[in-house]
Amino acid sequence: MTQPTTYGGRPPMVVPGAPTPELRVARFRGHARRLFWSALVLIAVAGALGFFWGNLPAPFENWMLLTAAAALVLFLVLLPYLSWWAHVYTITTRRVLERSGVFGVRRQELSHVRGYTIQERRGLLQRMWGAGTLVLTNGVDQPMRLVNIPSVGLVHEALVDQVEVNQILAHRDAQALPPAPPAPPTA
């Protein structure tokens with residue numbers, strides 16, 4: 001049997017019956033535009049800190065200003081950023097994974113082999129930013145929502161390709177292999 005060849009940068013097809021390696025196709029987060037208000041708060045806090053440093057009325061001191069600025073940055077900048085950063089979507093050659101949570105991790109996955117429907121939703125602001133929401137439903141598990149993802153059309157296309165390839169490979173592996181020719185008699 002000859003070695004499979006690659007076409008157009010695709011990984012080689014695996015021999016029927018051999019285990020296929022799981023490769024990462026894409027990894028992404030939700031659109032970063034949700035951090036817009038956090039960025040504005042950070043700029044405003046930095047400006048206010050610079051303006052009021054050393055110019056506070058008599059009962060207040062600079063350490064109070066620093067404490068208030070640190071609290072604002074922690075709750076209105078750092079925590080939203082960590083929340084955004086900890087929510088990751090991963091598409092592999094076998095499944096779609098959603099992982100979220102900073103301290104307690106929640107994980108959901110959906111296999112390509114089982115097949116699922118893909119519903120694309122795009123609001124007006126999402127269209128302006130090139131983002132959208134994909135809802136993946138297989139009819140058994142709860143739907144997986146890929147919320148506010150950038151380049152939603154490209155992700156939709158990649159998911160359709162992965163479902164198709166996985167179902168073709170599952171069908172091929174389910175077919176019985178032809179019997180091997182009998183070994184020649186040894187003398």
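I started with N148, which lies in strand β7; strands are DSSP runs of E with at least two residues, helices runs of H or I with at least four, and both are numbered from the N terminus. The model is a predicted one, in which local features need pLDDT of at least 70, side-chain atom pairs count only at pLDDT 80 or more, and totals for chains, interfaces and linings use all residues. Residues are numbered from 1 along each chain as its sequence is written, and side-chain values use heavy atoms, with hydrogens and water left out.

I looked up the backbone of N148 and found a positive phi of about 55°, although N148 is not a glycine. Is N148 buried or exposed? N148 is buried, with a relative accessible area of 14%; buried means under 20%, exposed over 50% and partly exposed in between, with a 1.4 Å probe and protein chains only.

Next I went to S151, in the loop between β7 and α4. S151 is another non-glycine residue with a positive phi, near 50°. Its relative accessible area is 44%, so S151 counts as partly exposed.

Setting aside neighbours within four places in sequence, L136 meets V96, L110, Y116, T117, I118, P143, M144, L146 and L159.

**The helix pair**

Helices α1 (residues 36-52) and α2 (residues 62-85) pack at about 170°, with axes 9 Å apart. The axes are lines fitted to C-alpha atoms, for helices over the stretch in contact, and angles run from 0 to 180 degrees between N-to-C directions. That angle makes α1 roughly antiparallel to α2, a term for angles over 145 degrees. Among the residues in contact are V41, L42 and F52 of α1 and L65, L72 and P80 of α2.

**Whole chain**

Last, I noted the overall make-up: four helices and seven strands, in the order β-α-α-β-β-β-β-α-β-β-α from the N terminus. Of the 187 residues in the chain, 24% are buried.

Conventions. Parallel < 35°, antiparallel > 145°, perpendicular 65-115°, else oblique. Contact = heavy atoms within 4.5 Å.
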